[in-house]
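Me: I would like to go through some of the labels used for this model and ask what stands behind each one. Please set the values against the definitions.

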Amino acid sequence: MEDDKYHPFQALADILTVQEKFGTFKRVKFVMSWAYSPSVHKPRAVPQSAIIAATLMGMDVVLAHPKGMELDEEVLGACQKNAQSYGGSFQIVNEFEEALKGAQVVYPKSWTAVPLFKPPVGEDNPDKAKEIFEANKDWICDKERLALADEGAIYLHCLPADRGFEVTDEVIDGPQSVVFDEAENRLHVQKAVMALT
């Protein structure tokens with residue numbers, strides 16, 4: 001149930017996974033980060049819904065991405081509002097490693113660059129988008145980067161992940177990865193929505 005802008009079921013699964021692993025949302029640092037992929041055709045719906053949901057829950061949310069990978073202005077405005085209303089915080093940084101320091105939730109995921117969008121948002125320019133991607137190949141979640149996060153941090157990804165580009169095998173298959181619990185939680189949150197409908 002994903003569209004060009006939102007993926008609410010994935011966001012609900014992400015939030016349920018955080019609740020399961022930490023038992024709370026208070027003082028949980030949730031880092032949604034861009035990560036490199038060889039393909040520039042990546043939707044923004046997952047990261048946009050993830051940061052909306054995380055700020056709604058009052059988490060301390062950090063959005064990290066290289067310049068040129070900005071998300072939808074309306075979504076960013078909603079996150080600022082949520083942070084003020086629900087007691088968390090929301091900030092945007094352009095440094096991957098800086099963002100990861102002390103994080104409890106690490107969620108590196110590729111999404112497309114602004115120039116790829118049609119006007120008035122972008123320039124409908126895949127070459128310019130590719131240029132931004134290729135200049136940021138080092139945005140990969142590896143063991144060293146994950147070590148910057150909190151000792152008990154969890155690694156999230158909506159799947160399928162681009163192994164060797166967004167994330168290394170040792171991270172996604174490692175003890176801090178909860179991607180299969182997260183995937184299972186899609187079933188549970190979707191059943192809950194159906195039960196409430």
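Me: What makes Met 57 count as partly exposed?

Reply: First, the basis: this is a predicted model, where local features need pLDDT of at least 70, side-chain atom pairs count only at pLDDT 80 or more, and totals for chains, interfaces and linings use all residues. Residues are numbered from 1 along each chain as its sequence is written, and side-chain values use heavy atoms, with hydrogens and water left out. Buried means under 20% relative accessible area, exposed over 50%, and partly exposed in between (1.4 Å probe, protein chains only). Met 57 has a relative accessibility of 36%, so Met 57 is partly exposed. Met 57 sits in the loop between helix H2 (45-56) and strand E2 (60-64); helices (H or I, at least four residues) and strands (E, at least two) are DSSP runs, numbered from the N terminus.

Me: Why are Leu 56, Met 57 and Tyr 86 called a nonpolar patch?

Reply: A patch takes residues with over 30% relative accessible area and no salt bridge, joining nonpolar side chains (Val, Leu, Ile, Met, Phe, Trp, Tyr) within 5 Å and like charges within 9 Å. Leu 56, Met 57 and Tyr 86 form such a patch on the surface, with about 270 Å² of accessible area together. That area comes from the Shrake-Rupley method with a 1.4 Å probe; for residues, only the protein chains shown count as cover.

Me: How do you know that Lys 42 and Asp 162 form a salt bridge?

Reply: The term requires a side-chain nitrogen of Lys or Arg within 4 Å of a carboxyl oxygen of Asp or Glu. In the pair Lys 42 and Asp 162 the closest N and O atoms are 3.0 Å apart, and the pair forms a salt bridge. Lys 42 lies in the loop between strand E1 (29-34) and H2, and Asp 162 in the loop between strand E5 (154-155) and helix H7 (169-172), so this pair ties together parts that are 120 residues apart in sequence. Lys 42 has 16% relative accessibility and therefore counts as buried.

Me: What other salt bridges does the search of the whole structure find, and how many are there?

Reply: The search finds 13 salt bridges. Among them, Glu 123 pairs with Lys 128 at 3.3 Å between the closest N and O atoms. Glu 123, at 44% relative accessibility, is partly exposed, and so is Lys 128 at 36%. Arg 163 and Asp 169 meet at 2.9 Å, N to O. Their relative accessibilities are 40% for Arg 163 and 41% for Asp 169.

Me: Why is Thr 17 called buried?

Reply: Thr 17 has a relative accessible area of 0%, so Thr 17 is buried. Thr 17 belongs to helix H1. Not counting residues up to four places away in sequence, Thr 17 touches Leu 156, Val 178, Asp 181, Glu 182 and Asn 185, contact being heavy atoms within 4.5 Å.

Me: How does the span of H1 compare with the expected span?

Reply: The expected span is 1.5 Å times one less than the number of residues. H1 (residues 8-22) has 15 residues and reaches 21 Å from its first C-alpha to its last, close to the 21 Å expected. The buried residues of H1 pack against E1, H2, strand E4 (105-109) and helix H8 (179-196).

Me: What makes Glu 151 count as exposed?

Reply: Glu 151 has 78% relative accessibility, and therefore counts as exposed. The loop between helix H6 (143-146) and E5 holds Glu 151.
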